[in-house]
Amino acid sequence: MTNEEKQSAKQLLSKKYLDQKSACESALEVKMLDAQYKKDVEKIENGINPFEKPENSGFDCFGCGS
């Protein structure tokens with residue numbers, strides 16, 4: 001990821017975080033959201049786009065509802 005892509009991803013992540021935080025109904029939800037936000041920021045810093053989901057990962061999901 002380029003620096004511009006990182007900044008853009010951080011802005012989008014921040015906007016989504018604030019939108020979701022305002023919809024939280026409990027302190028536990030806020031803590032879980034905070035942890036996910038921090039993890040996603042770390043991914044961006046390491047050049048990984050947290051918004052891209054691997055379509056052909058080779059892994060099967062069992063029991064997750066997908």
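Start with the lining of the largest pocket: by class, this lining has six nonpolar, two polar and four charged residues. The model is a predicted one, and the values below are computed from it.

**Stop 1: the pocket**

Select Leu13, Lys16, Tyr17, Gln20, Leu33, Gln36, Tyr37, Asp40, Lys43, Pro50, Phe51 and Lys53, and show their side chains; these residues line the largest pocket. The volume of this pocket is about 200 Å³. Now colour the chain by helix. Which helices each supply at least two residues of the lining? They are α1, residues 3-23, and α2, residues 27-45. The largest share of the lining comes from α2, with five residues.

**Stop 2: the whole chain**

Zoom out and switch to a cartoon view. The protein chain has two helices and zero strands. Next, show the surface. The accessible surface of the chain comes to about 5600 Å², and carbon and sulfur atoms hold 51% of that area. How much of the chain is buried? Of the 66 residues, 12% are buried. Contacts can be sorted by how far apart the partners are in sequence. Among contacts with a separation of 6 or more, 56% are between residues 24 or more positions apart.

**Stop 3**

Select Lys10 and Glu45. These two residues form a salt bridge, and their closest N and O atoms are 2.1 Å apart. Lys10 lies in helix α1 and Glu45 in helix α2, so the pair ties together parts that are 35 residues apart in sequence.

**Stop 4**

Asp19 is partly exposed, with a relative accessible area of 41%. Lys15 has a relative accessibility of 52%; this value is over 50%, so Lys15 counts as exposed.

**Stop 5: Asn3**

Finally, select Asn3, which is in helix α1. Asn3 is exposed, with a relative accessible area of 60%. Asn3 and Ile44 are 41 residues apart along the chain, and their C-alpha atoms are separated by 9.9 Å.

Methods
Residues are numbered from 1 along each chain as its sequence is written. This is a predicted model: local features need pLDDT of at least 70, side-chain atom pairs count only at pLDDT 80 or more; totals for chains, interfaces and linings use all residues. Side-chain values use heavy atoms; hydrogens and water are left out. On a 1 Å grid over the protein atoms alone, a cavity is a set of points where a 1.4 Å probe fits but cannot get out, and a pocket is an open set with protein on both sides within 12 Å along at least five of seven lines; lining residues have an atom within 4 Å of a point. Grid points are joined across faces, edges and corners, and a volume is the space filled by probe spheres set on the points. Helices (H or I, at least four residues) and strands (E, at least two) are DSSP runs, numbered from the N terminus. Ala, Val, Leu, Ile, Met, Phe, Trp, Tyr, Cys and Pro count as nonpolar, Asp, Glu, Lys and Arg as charged, and the others, Gly among them, as polar. Buried means under 20% relative accessible area, exposed over 50%, partly exposed in between (1.4 Å probe, protein chains only). Contact means heavy atoms within 4.5 Å. Accessible areas come from the Shrake-Rupley method with a 1.4 Å probe; for residues, only the protein chains shown count as cover. A salt bridge is a side-chain nitrogen of Lys or Arg within 4 Å of a carboxyl oxygen of Asp or Glu.
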